[in-house]
Each structure stands twice: as structure tokens, then as C-alpha cells.
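The sequence and model come first.

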Amino acid sequence: MQTTAPELRLSRSEAEDFLYRQAECIDTRDFAAWIDLFTPDATYWIPARPEDIDPKTQLSFLYDDVPGMAARCERLLDAGTGGQQPGTRCNHVISNVRVVPADANGVWVVKSRFQVTQFRRDAMRSYVGSYTHHLVATDDGIRIRSQRVDLIDCDGIHDAILQVYL
């Protein structure tokens, strides 16, 4: 259940710790713990252009809801998934975290910058950009209502299929 009291506070340090925990879940391939950081109605979006505002009508690199995320993560961990043998390894660096005070609905907007390096089959790839998280307080702690990932090279040529979440 979501707590909606607008007087709730989320410090920058608390937001950083949350984002670091999320990154560690992906980096260690603990996808079950990662998915638990989202609300059941959450979305994860990587738009194709920085000015895009509607993932349902505009082209995206990735747009998932929680059931889609869970299915993708199962495939990532399945030994029979050839596309992930060997599995992708990654490392997240997160910085410049800013917290906007909760709105009347108890939603915090947390903005940050990231650099993700992924390694698979002797190839290293780097992804750089910004995150916008919409976070809410629940009975189970802070959870992600939505996550937007804006790549600085979103309009560049991408010759790799993005398989692991950024």
C-alpha cells in the first residue's frame, strides 16, 4: 500500500542509497531483488529521443511493465538462453543525484546521471545518460513507480541489442 502523506521526506543520501542498491541488483544479476524495487504498476522506459513524452505512441529502445521485466529477467538467467551465454556483466556508476520534494500524491522525482559499462563476448559497451525515477513510499519501503532512462547518444547508431537493463 502506498503512503501518500506529502510531508514525507526523502533525503539525497537516502535516494542515493536506493539508486545504488538498484544498480547493485543489476550488476550482481539479482533480478528478483531488482524487480522487488518496483511497484506492481511500474514502468521502465528508454525513449528513442530526448523530447519524447509518450512511450505508448513513440518509438522506444525499451518499454516494459513489471510482468515484461520479470519475463525478460527470467530469460537473462535461463542457461538455455543462447543470447546470454556467457551472461552480460555490467557495472553502474551513478552521480549528480537530485531529489524533488514529494508532490501532493507522495511521489518524489529523483534525477541522476549514470555511466554503465557492459561486457559480453570480448566486447565492452558504454552507455551514458540520465535517469528520472518517480519514487513512492510503500509499506515495504521506497519503490519505483516509473523509471526513465535518457541516453545521450539516443539518436546515434546502435548496432547492439540492449538485453540487460541500464
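## Cysteines, aromatic pairs and a cavity

Cys154 is buried, because its relative accessible area of 9% falls under the 20% cut-off. The model is a predicted one. Cys25 also counts as buried, at 9% relative accessibility. How many disulfides are there? The count comes to zero. The rule asks for two cysteine sulfur atoms within 2.5 Å.

**Aromatic pairs**

The structure holds five aromatic pairs. Two of them involve Trp34, and the table sets them out.

| Pair | Centre to centre | Angle between planes | Class |
|---|---|---|---|
| Trp34 and Tyr44 | 6.0 Å | 75 degrees | edge-to-face |
| Trp34 and Tyr165 | 4.5 Å | 40 degrees | tilted |

Why is the pair of Trp34 and Tyr44 edge-to-face? The planes of the two rings stand at 75 degrees, and an angle over 60 counts as edge-to-face. For Trp34 and Tyr165 the angle is 40 degrees, and that pair is tilted.

The partners come from separate parts of the chain. Trp34 lies in helix α2, residues 31–35, and Tyr44 in strand β2, residues 38–47. The pair therefore ties together parts that are ten residues apart in sequence. Tyr165 lies in the segment after β7 (141–151). Its pair with Trp34 ties together parts that are 131 residues apart in sequence.

One aromatic cluster takes in Trp34, Phe38, Tyr44 and Tyr165.

**The cavity**

How many cavities of 30 Å³ or more does the structure hold? It holds one. The largest cavity has about 40 Å³ of space.

Which residues line the largest cavity? They are Leu19, Gln22, Ala23, Ile26, His92, Ile94, Tyr131, Gln147 and Leu166. Two elements give two or more residues to this lining: α1 (12–27) and β4 (89–100). Helix α1 gives the most, with four residues.

**In brief**

Cys25 is buried, Cys154 is buried, and the disulfide count is zero. Trp34 pairs with Tyr44 in an edge-to-face arrangement and with Tyr165 in a tilted one. The lining of the largest cavity draws on α1 for four residues.

Notes
Residues numbered from 1 in each chain as written. Predicted model: local features only at pLDDT ≥ 70, side-chain atom pairs only at ≥ 80, totals over all residues. Heavy atoms only, no water. 1 Å grid on protein atoms, 1.4 Å probe; cavity = no way out; pocket = protein on both sides within 12 Å on 5 of 7 lines; lining within 4 Å. Points joined across faces, edges and corners; volume = space filled by probe spheres on them. Buried < 20%, exposed > 50% of the residue type's maximum accessible area, 1.4 Å probe, protein only. Phe/Tyr/Trp six-rings, centres within 6.5 Å; stacked < 30°, edge-to-face > 60°.
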